[in-house]
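Biologist: Could you take me through one part of this model up close, and then show me how it sits beside the rest? I would enjoy a connected account with the cut-offs spelled out.

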Amino acid sequence: MQPLDALAKVCDDVRTGEPEEGVLGVQPALVAAPASVAEAAEVMRVAAEKGLSVIPRGAETRLDWGTPPERCDLLVDTHRLDKLIEHASGDLVAKAEAGLPLETLAERLEEKGQRLSLDVPLPGSTVGGTIAAGAAGPLRTLYGTPRNLVIGLTVVRADGKVARSGGKVVKNVAGYDLGRLFSGSYGTLGLIVDATFRLHPVPTATAWVTCQVDGPQEAHDAVQAVLHSPVAPSALEYIAPGTVAALLEGVPDGVVARAGQLVELLGGKTDITENAPDGCGAYPDGTTLIDVTAPPPSLSDLIGVVNSLGNGVAMTWNGSGHGHIGLPSGLSAEEVAGALSALRDVLGRHKGGAVVRYAPQDVRSEIDLWGPVPALGLMRRVKDQFDPDHRLSPGRFVGGI
Amino acid sequence: MEPVLKALALRLDAMLGPDRVITDPVRLRTYECDGLTNHRSTPAIVVLPDTAEQVAAIVRACAEAGVPYVARGSGTGLSGGALPRADGVLIVTSRMQRILEIDIPGQRAVVEPGVINLDVTRAVRPYGYYFAPDPSSQQICSVGGNVAENSGGAHCLKYGFTAHHVLGCEVVTPDGELVELAADGPGYDLLGVFVGAEGTLGITTKITVRLTRVPETVQTLLAAFDSIEAGGTAVSAIIGAGVVPAAIEMMDALSIEAAEAAVRCEYPPGAGAVLIVELDGPDSEVAAQFAEVERLCRDAGAFEIRIAADDAERALIWKGRKSAFAAVGRISPAYLVQDGVIPRTALPQVLARIDALSAESGVRVANVFHAGDGNLHPLVLFDDSEPGAAERAEEVSGAILDLCIEHGGSITGEHGVGVDKSRYMPRMFTDTDLDTMQMVRCGFDPAGLCNPGKVFPTPRLCGEVPGVRKGPHPYEGKADIF
């Protein structure tokens with residue numbers, strides 16, 4: 001039986017791929033959209049039988065990240081896996097299918113005064129895609145990334161078997177935590193089909209305290225002042241060229257008092273606003289996006305490098321020690337490689353690094369997207385166990401994984 | 001001693017120098033168990049390395065000899081995770097206790113695995129920081145052990161577990177290689193799975209921990225209720241009001257009685273349950289929320305509320321709770337501790353079922369728990385001199401875990417699976433789930449020498465063992481470029 005027919009027997013929604021569905025230029029031969037975990041498992045089983053390479057697709061917000069796949073026989077689209085399976089508000093947990101958009105999830109949780117504390121920068125992102133990309137927004141200062149918020153995960157393995165880890169209680173150390181392993185794994189270990197998250201109450205009051213700074217040293221000082229203060233911001237962001245902003249969340253009186261404390265601490269050009277400052281919570285503009293690991297003490301050095309890269313380079317940075325650099329269009333591969341190596345030199349001294357998320361295709365093929373990857377050998381061995389035939393998102397990840 | 005072990009002991013001795021290798025049977029006995037004393041096994045060899053390189057060399061020597069090994073920190077674990085192998089080596093990290101770096105601007109510190117949990121806090125407290133994970137054993141447990149067990153503590157309700165406070169680890173892999181795992185580096189989050197793997201994926205030799213700003217204010221109250229149900233109602237009301245306390249702890253009448261006998265904590269007489277609620281954070285936030293918590297406790301029927309006026313009074317409130325485990329020794333010759341977790345909203349039903357179980361079996365159960373996150377620590381009491389009593393206690397204990405699983409919970413919230421609960425894993429996970437977890441183990445430790453027999457009831461066959469792989473690696477050629 002042909003793969004298309006075999007897949008059609010187990011899944012209602014199977015068709016051939018279109019050129020515009022290409023993953024970084026690689027057109028999928030087939031597209032399947034399973035509507036249940038059982039159907040997804042069957043699709044993956046057939047893919048294993050037929051030796052098809054598989055790439056999971058959510059809302060395509062980050063499908064252009066990473067390196068192009070070696071091949072794509074089957075795109076598994078999760079948009080029909082869009083159920084909120086359970087919202088146990090008394091327990092502050094929710095279980096949702098992989099294809100559910102985070103905005104839809106947020107609306108449903110809001111009805112009970114709760115939220116998933118993950119303010120992902122790209123609209124439309126799905127539960128599964130966000131986990132697979134390990135993406136997070138400004139709230140990561142206090143709440144971390146998917147690795148901190150996923151408490152249970154269901155995946156379909158390369159061989160079509162369904163495996164769960166964790167559960168639906170926050171405090172749980174039974175067995176290995178595959179939720180953390182799959183966070184940021186780019187679809188190379190298995191197909192994420194549902195996830196259980198810990199939730200938080202929506203705060204009753206919020207305020208942004210925004211301060212204008214002039215130069216790397218002032219930015220550093222403002223960030224350090226907030227970090228070491230007792231105001232406990234939910235988000236702390238630096239937005240180039242000269243804004244430091246802190247989000248305060250809590251009860252109304254508390255937020256007013258804390259905002260006052262911050263204004264006093266930061267002095268000078270400081271405002272309290274209801275909304276986030278411009279550019280906050282979005283990836284910086286540009287055709288190349290670089291994700292940087294940059295602990296707080298590296299901020300002034302990082303700003304120095306970004307300034308040296310010339311006009312049109314955009315940057316945001318979070319107090320958790322993580323930032324994004326946007327490079328403008330029109331740079332040659334050598335120029336991008338030069339910028340990358342300057343960033344890696346400086347950040348390397350602070351135990352940080354730089355990873356390219358996306359870049360124009362001609363640039364991407366000429367640069368090292370990942371930089372040095374410690375423990376790569378161990379990563380390969382884990383990959384070999386989960387996907388011995390290298391059919392899952394082949395070539396999309398570090399070291400050719 | 002078997003010839004293989006004898007040869008290994010000699011090799012380790014030559015490698016590590018004097019007083020670092022123990023083979024004397026009397027001294028070995030010191031290490032026969034961890035904090036869970038009903039599992040005992042005397043190791044064949046104990047080694048006390050001083051450096052990461054020595055740990056790596058020890059692991060390589062064990063791998064070459066095909067001898068299993070177990071890492072141990074302070075030995076305070078409560079699931080037998082550090083239970084030695086009679087045919088193996090116990091690698092004790094207690095000599096590796098330097099704090100290597102304190103980086104306040106970066107809010108992190110780098111420590112060796114044998115550093116005591118509370119010593120990290122002591123070292124950074126002058127700067128206004130602390131290390132958030134606070135297992136009850138924090139005065140003696142090691143950070144390396146915290147990493148292995150993904151330790152929690154009373155305050156993990158708000159601050160999360162060790163996994164959320166470890167930014168990186170230097171690890172000796174079962175190949176004897178030293179590698180760096182980071183929470184935020186390129187590639188797989190191997191650190192995320194290493195933390196909490198109970199020492200089955202390797203041995204950490206250096207840990208970068210996140211430091212947390214000491215909160216501006218801490219407020220603690222103790223509320224006494226007639227019954228556990230009333231206390232449970234207060235817990236639900238507090239969480240339902242959107243308050244995230246630093247800790248919510250509950251004790252029932254039997255555990256209060258024990259604590260009273262042991263430490264004279266002077267909790268309100270006649271209480272069927274006491275609740276300890278602690279809030280921390282900015283002054284203004286805590287003030288508003290604390291008033292609300294107090295009101296919610298009264299609404300739920302608290303007949304007495306005590307508010308700690310200062311740190312001394314706070315310590316007094318916590319004294320009864322913190323001594324509860326040891327205190328049951330005052331009311332029972334022996335006991336088993338469980339560590340099950342249930343969804344918080346299932347507390348009333350599950351506690352009623354535990355009561356029923358206790359009544360049916362005649363086995364007394366004292367309940368102490370982290371009520372905020374549904375983590376129960378039922379203490380199952382028995383008289384070990386009475387024939388059959390231990391078995392009956394074990395049965396009740398297992399039935400309680402079944403209750404937790406039935407209500408969608410977990411068999412362990414913070415103590416780990418170890419050897420103690422591995423037989424319960426198939427009740428919580430399918431064979432495929434366990435097989436999938438063990439794929440990670442096969443990636444790290446295909447020979448199965450690193451803390452074998454823990455966590456999983458049945459080892460997975462890993463197939464190909466590294467070193468015998470033939471031909472070029474499938475990634476070869478592409479690997480160096482991207």
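Modeller: Gladly! The centres of domain 3 of chain A and domain 4 of chain A, taken over C-alpha atoms, are separated by 24 Å in this predicted model. Domain 3 covers 205–273 and domain 4 covers 288–364 of chain A, with bounds that come from an automatic or database domain assignment. Twelve residues from domain 3 of chain A and twelve residues from domain 4 of chain A make up the contact, where two residues are in contact if their C-beta atoms, placed from the backbone, lie within 7 Å. On the domain 3 side, the elements that give two or more residues are α8 (216–227) and β13 (235–239) of chain A; helices (H or I, at least four residues) and strands (E, at least two) are DSSP runs, numbered from the N terminus. Of these, α8(A) gives the most, with seven residues. By class, that side of domain 3 of chain A has eight nonpolar, three polar and one charged residues. Here Ala, Val, Leu, Ile, Met, Phe, Trp, Tyr, Cys and Pro count as nonpolar, Asp, Glu, Lys and Arg as charged, and the others, Gly among them, as polar.

A word on conventions. Residues are numbered from 1 along each chain as its sequence is written, and chains are lettered from A and ligands numbered from 1 in the order in which they are written. Because the model is predicted, local features need pLDDT of at least 70 and side-chain atom pairs count only at pLDDT 80 or more, while totals for chains, interfaces and linings use all residues.

Now for chain B. Its secondary structure comes to 16 helices and 18 strands, and its C-alpha atoms fill a box of roughly 70 × 60 × 45 Å along the principal axes. Of the 482 residues in chain B, 56% are buried, meaning that 20 or more other C-beta atoms lie within 10 Å of a residue's own, against 12 or fewer for exposed and values in between for partly exposed, with C-beta atoms placed from the backbone.

One residue to look at in chain B is Ala389(B), which lies in helix α14 (residues 389–406). Ala389(B) counts as partly exposed because it has 17 C-beta neighbours inside 10 Å. Leaving aside residues up to four places away in sequence, Ala389(B) touches Phe382(B), Asp383(B) and Asp384(B). Ala334(B) is 55 residues from Ala389(B) in sequence, and 9.9 Å from Ala389(B) in space, C-alpha to C-alpha.
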